[in-house]
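Good morning. I will go through one structure today, starting with its charged pairs and ending with its ligand. Please have a look at it first.

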Amino acid sequence: MPDLLVSFIAAQHIDGLYAFLRGVLELDQMPPPTLPEITFAGRSNVGKSSLINALTGRKTLARTSDTPGRTQEINFFDLGGRLVLTDLPGYGFAKAPKGKVDAWTDFIRLYLKGRPSLRRALVLIDARHGLKDSDHDIMTMMDKSAVNYQIVLTKADKVKPGPLAALKEQISAELAKHVAAHPEILATSSFDGTGIAEVRAALSELARPE
Ligand code: GDP
């Protein structure tokens, strides 16, 4: 069994719900890059699965394995034939062995560089913790791969408006140093629905027109 896999999940919009079909592929068998693609990246436990579920209206999508010792996957979600969402394995393990971190980095770099259909990466940041070193690392990797990326704060329900505004300002100042960063920061909560409509609107601007 290879260590790193890609799975493909086709979603069909039926009566307001998405039906998902899942197939696991190897990295060189990614689905053809025919639709605009948005990727979701973030530290493990940032709330990525919860956000993807909130955006797609599903409770229990297949999720990527974050554990470095386990098979890591990129999940592809085809949303109604207009847009593909991809879910990258989480990063930022303090105790991950170097070999595993290197494998993760190579895997993600290959994906970021080799996907002509990739329109944007959403880099998820826990609103309670702000930017960590591993977030800076992936932002730098995206700058180098010329992948446009946007910061999405998660768990905004856990932070009061004042500190949330201060965090946005601090991150904005940081983004000015990154060439591929989109300037607008979105704050979300999968628990109370904050910002979900804004993320959906950003996605639908990038989707293939109906
Ligand atoms: P992932 O590892 O990035 O996919 O993160 P998960 O979606 O599994 O969430 C990690 C933890 O954060 C879980 O305990 C979730 O219940 C919690 N969580 C996720 N989203 C939110 C949110 O919007 N608000 C709060 N308060 N907790 C959240």
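How many salt bridges does the count come to? The count comes to 7, where a salt bridge is a side-chain nitrogen of Lys or Arg within 4 Å of a carboxyl oxygen of Asp or Glu.

Before the details, a word on the source. This is a predicted model, so local features need pLDDT of at least 70 and side-chain atom pairs count only at pLDDT 80 or more, while totals for chains, interfaces and linings use all residues. Residues are numbered from 1 along each chain as its sequence is written, and side-chain values use heavy atoms, with hydrogens and water left out.

Now to some of the salt bridges. Asp126, Arg128 and Lys155 are linked in a network. Asp126 pairs with Arg128, with the closest N and O atoms 2.9 Å apart, and also with Lys155, at 3.5 Å from N to O. Asp126 is in strand β6 (residues 118–126) and Lys155 is in the loop between β7 (149–154) and α4 (161–175), so this pair ties together parts that are 29 residues apart in sequence. Helices here are DSSP runs of H or I with at least four residues, and strands are runs of E with at least two, numbered from the N terminus.

Which of these three is buried, and which are partly exposed? Asp126 is buried, at 7% relative accessibility. Arg128 is partly exposed at 40%, and so is Lys155 at 21%. Buried means under 20% relative accessible area, exposed means over 50%, and partly exposed is in between, with a 1.4 Å probe and protein chains only.

Another salt bridge joins Asp106 and Arg109, whose closest N and O atoms are 3.7 Å apart. Both are in helix α2 (residues 98–113), and because they are 3 residues apart, about one helical turn separates them.

Next, helix α1 (residues 48–56). Of its 9 residues, 7 are buried, so the helix is largely enclosed by the rest of the structure. Lys48, Ser49 and Leu51 are among the buried ones. After α1 comes Gly57, with a positive phi near 75°.

Lys48 and Ser49 also bring us to the ligand, as they are among the closest of the 14 residues that surround it; the cut-off is a heavy atom within 4 Å. A polar backbone atom of Lys48 is 2.8 Å from a ligand oxygen. For Asn45, a backbone N or O atom lies 2.9 Å from an oxygen of the ligand. The protein buries 79% of the 580 Å² that the ligand exposes when taken alone, by the Shrake-Rupley method with a 1.4 Å probe.

Technical notes
A polar contact is a pair of N or O atoms within 3.5 Å; within protein, one must be able to donate a hydrogen and the other to accept it, and residues adjacent in sequence count only if both atoms are side-chain atoms.
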